[in-house]
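The following exercises concern one protein chain. Please consult the sequence and the structure before reading each worked solution.

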Amino acid sequence: MGVPGCPLCGGQGYLRRDLPLGHPEFGKVTICDCRRQSVTEQVRSRLFSISHLDELKDLTFENFVSRGRKGLADKQVQSLEWAFNHSRQYANSLQGWLLLQGNYGCGKTHLAAAIANFAVQMGVPTLFLTVPDLLDTLRFAYDNPDTTFEARFDQIRNTSLLVMDDFGTQNATGWAQEKLFQILNYRYINKLPLVVTTNLALDEIEPRISSRLQDPALVTTVKILAPDYRRPMVDLEHSDLSSLEQHSKRTFATWSDRADEKLPPDELKSIAEATKSAHGFAKKPQGWLILSGPYGSGKTHLAAAIANQIAILGDPPLFVLVPDLLDHLRAAFSPSSGTTYDHRFNEVRLAPVLVLDDLGSQSATPWAREKLFQILNHRYNSELPTIITVAIDTLKDLEPRIRVRMHDERLCTQVLITASAYTGPKKKTATHRR
């Protein structure tokens, strides 16, 4: 509660800003300043002691770098700023649920802790728990003489603000799944404030919980695309993994629309559409571009033309033939390798723009399939710009989990080149005078 008789909120502790209809903040409540002033240091200290924020007390909005570190792509910077602004807005209102999605080290936990620390300063009883710790807290309550399981369970599901960090890292036993569902369902029914952080996609979460996390009437979902700030940035310009230099002559200037070959109209149309899509991606790299077609139809040339055009702007993409990529990953396990496997893997996984040439031509071992899925699943969840070329004959043989992601029209643009193999410009026939 706020200060009785406060001229701004009338003692409620919350107020609605006087904003015009249509303003993005219209109708939303914020915490009144009087509430901060009414909370004594003794109250704050008591709330902090029960919040489980001891090791996270220094994670605040003030020291969060909202534009990330130097070298991030524009889309990654925008997602960080978006997450920061939504988190601050949520901390000021504590209305509904906030779901923060992103990869390890992207800043989810910092923002969740900043919300919790702000709430404690406002006098809001708060619990911040990683999900494995939450489950351990419940398990230990069975043998704790100072409390009961029921009391601890009730404390967690009824606290004014609950922050569940690292959702999805818990041991997925039947008991654990049921307890988590009971907590989330209780807070869902009662519309109690909740912050959840996870590196999982929603379709990887238990369906009953996932359905509640997808309710737009209650849940605000924010995806953070930034890479792990604790890892060094990948220097693709000096990477020996990229083969873009070998394709330096494959540009839009050397690309042929093959109009002089008298191809069937549908084949000429497929070339024109592929050219248009390639130019569009080069101008604004976002989402995935899938170039498929028969061998020799020009898929690799177009992919290289896009990459060379982006490289001119100073941010060279990683261009790699898939069998070569797998060879590089295998070689990284060798003691004589000049780089570590983790560094090599992250070069591909975190590349600002990745071109995977000839997907499906690799050895289809379980290890190869799993590594490619991990790379592409990360880029799919993070919506990182990716170009894939694949021969039409191998599409059906791709790992099903990869194929499903490639057919997601929300992220991926499918381009099929139906023209036959290109053999180069026609040579002029020499004429001889007698």
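**Exercise 1.** Determine whether Arg379 is buried or exposed, and identify the polar contacts of its side chain.

*Solution.* Step 1: Arg379 has a relative accessible area of 0% and is therefore buried (buried means under 20% relative accessible area, exposed over 50%, partly exposed in between, with a 1.4 Å probe and protein chains only). The model is a predicted one, in which local features need pLDDT of at least 70 and side-chain atom pairs count only at pLDDT 80 or more, while totals for chains, interfaces and linings use all residues. Residues are numbered from 1 along each chain as its sequence is written, and side-chain values use heavy atoms, without hydrogens and water.

Step 2: The side chain of Arg379 reaches the backbone oxygen of Val348 at 3.2 Å and that of Pro385 at 2.7 Å. A polar contact is a pair of N or O atoms within 3.5 Å; within protein, one must be able to donate a hydrogen and the other to accept it, and residues adjacent in sequence count only if both atoms are side-chain atoms.

**Exercise 2.** Which residues make the contact of helix H11 with helix H12?

*Solution.* Step 1: The axes of H11 (residues 322-331) and H12 (residues 341-349) come within 8 Å and cross at roughly 155° (axes are lines fitted to C-alpha atoms over the stretch in contact, and angles run from 0 to 180 degrees between N-to-C directions; helices are DSSP runs of H or I, at least four residues, numbered from the N terminus).

Step 2: H11 is therefore roughly antiparallel to H12 (angles over 145 degrees).

Step 3: Leu325, His328 and Leu329 of H11 meet Tyr341, Arg344, Phe345 and Val348 of H12 (contact means heavy atoms within 4.5 Å).

Key. Helices (H or I, at least four residues) and strands (E, at least two) are DSSP runs, numbered from the N terminus. Angles under 35 degrees count as roughly parallel, over 145 as roughly antiparallel, 65 to 115 as roughly perpendicular and the rest as oblique.
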